Amino acid sequence: MATRLERACLIAVCVSFTAGVAAFAAEPAYPTRPVRLLIPFAAGGGTDTLARIMAPRLGDDLGQTVVVDNRGGAGGNLAAEIVANAAPDGHTVFVGFNTVLTVNPVLYKLPFSVERDLAPVTLLATAQYILVIHASVPANTLTEFIVAAKQKPGAFNFSSGGVGTPLHLSAELLSKRAGIKMVHIPYKGGAPAAAALLAGEVQVLFGSVAASVPHVKSGRLKALATTGITRSKVLPDLPTIAESGFPGFDVGSWYALLVPAKTPAYAINRLRNAAIKTVAVPEVLEAMSRQGLEVETSTPQELAARIKRESAEWAEVIKEAGIKGE
């Protein structure tokens, strides 16, 4: 026969278990209808490709259809604004690109606040860039190129996909760190910017690793360095800018999920867990790798800190370079 103490302990355990079950049962179901992934650019770009790789598997895990919704315009700000103003229930999700979240707020006067109106969920993936030069440039290493650039300030032009794009800002950051002067020639997209380098219209480009490697192998371009903190898996013998005399240099593209502010924690957690499981699926990993993407996830707090840190860093570069939004 149980003692009074044993009966008291048993009652306490039962009460605790019952309370836990009640709390679990009280948590609302999520999602209860299709989930929209808002893409800030037109179909075919990196953000769109990543979303379409993930959508089927993410939908399987969430138990609802995941719809990819391209809302290009205003440099990615249009899609971000739609999510910022959406109902905070986790059914409208922003597939954020780093420049939309960290650069655009500095360059443009936005009708919403990234920090106030968007809630971070998780980082998804990163991709570093490669610094390439035209074959005619008399340099074979980053050190040799910087020496040549210092000897002739303004003699080298670099192309980018537009003012304020990652490729533009990467070149401005290197110029600042190295103490060199290059002339920016913006084009309407990354493809025209790369074509300009191949044609010899410009001499320098921070470009996509996947797109640049074939031209490096053919001898039309020279690869000087990659921009990540670690070497590219595609070009393990090519040094990074960081190890070539510029410690801490680490730039590239990154992609993340965000939802409207005030979205309940249970929805954010459910979405985050599903996203992390999705990018760990072998077929998804392989498809991302073919696009030059490396999986990197985070907590909401880590993503918020990254956005804040990089916003401050790019604000300094933009101010010093005198960059103005178009």
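**View 1. Contacts of Glu-296 in a predicted model.** The model shown is predicted. Beyond its neighbours within four places in sequence, Glu-296 is in contact with Leu-123, Leu-124, Ala-125, Thr-126 and Arg-306. Glu-296 sits in the loop between β10 (294-295) and α13. Its relative accessible area is 33%. That value lies between the 20% and 50% cut-offs, so Glu-296 counts as partly exposed. Lys-233 is 63 residues from Glu-296 in sequence. In space, the two C-alpha atoms are 15 Å apart.

**View 2. Met-288 and its partners in the largest nonpolar core.** This core has 53 residues. Leu-50, Phe-94, Leu-101, Leu-124, Leu-257, Leu-271 and Met-288 touch the most other members. Met-288 is in contact with Leu-50, Ile-53, Leu-124, Ala-125, Val-279, Leu-293 and Val-295, leaving aside its neighbours within four places in sequence. In soluble globular proteins, nonpolar side chains tend to be buried together.

View 3. Leu-124 is one of the residues that touch the most other members of the largest nonpolar core.

**View 4. The second largest pocket and its lining.** The volume of this pocket is about 280 Å³. Its lining is made up of 14 residues. Nearest the centre lie Val-114, Glu-115, Ala-304, Ile-307 and Lys-308. Two or more lining residues come from each of α6 (114-117), β4 (118-134) and α13 (300-321). The largest share, four residues, belongs to α13. By class, the lining holds ten nonpolar, two polar and two charged residues.

**View 5. The whole protein chain, for orientation.** The chain has 326 residues, of which 48% count as buried. Its secondary structure comes to 13 helices and ten strands. The C-alpha trace spans about 90 × 40 × 35 Å along its principal axes. Among contacts between residues at least 6 apart in sequence, 78% join residues at least 24 apart. The accessible surface comes to about 15,600 Å². Carbon and sulfur atoms account for 57% of that surface.

Key:
Residues numbered from 1 in each chain as written. Predicted model: local features only at pLDDT ≥ 70, side-chain atom pairs only at ≥ 80, totals over all residues. Heavy atoms only, no water. Core = buried A, V, L, I, M, F, W, Y, C linked by side-chain atoms within 4.5 Å. Buried < 20%, exposed > 50% of the residue type's maximum accessible area, 1.4 Å probe, protein only. Contact = heavy atoms within 4.5 Å. 1 Å grid on protein atoms, 1.4 Å probe; cavity = no way out; pocket = protein on both sides within 12 Å on 5 of 7 lines; lining within 4 Å. Points joined across faces, edges and corners; volume = space filled by probe spheres on them. Nonpolar A, V, L, I, M, F, W, Y, C, P; charged D, E, K, R; others polar. Areas by Shrake-Rupley, 256 points an atom, 1.4 Å probe, with all protein chains shown as cover.
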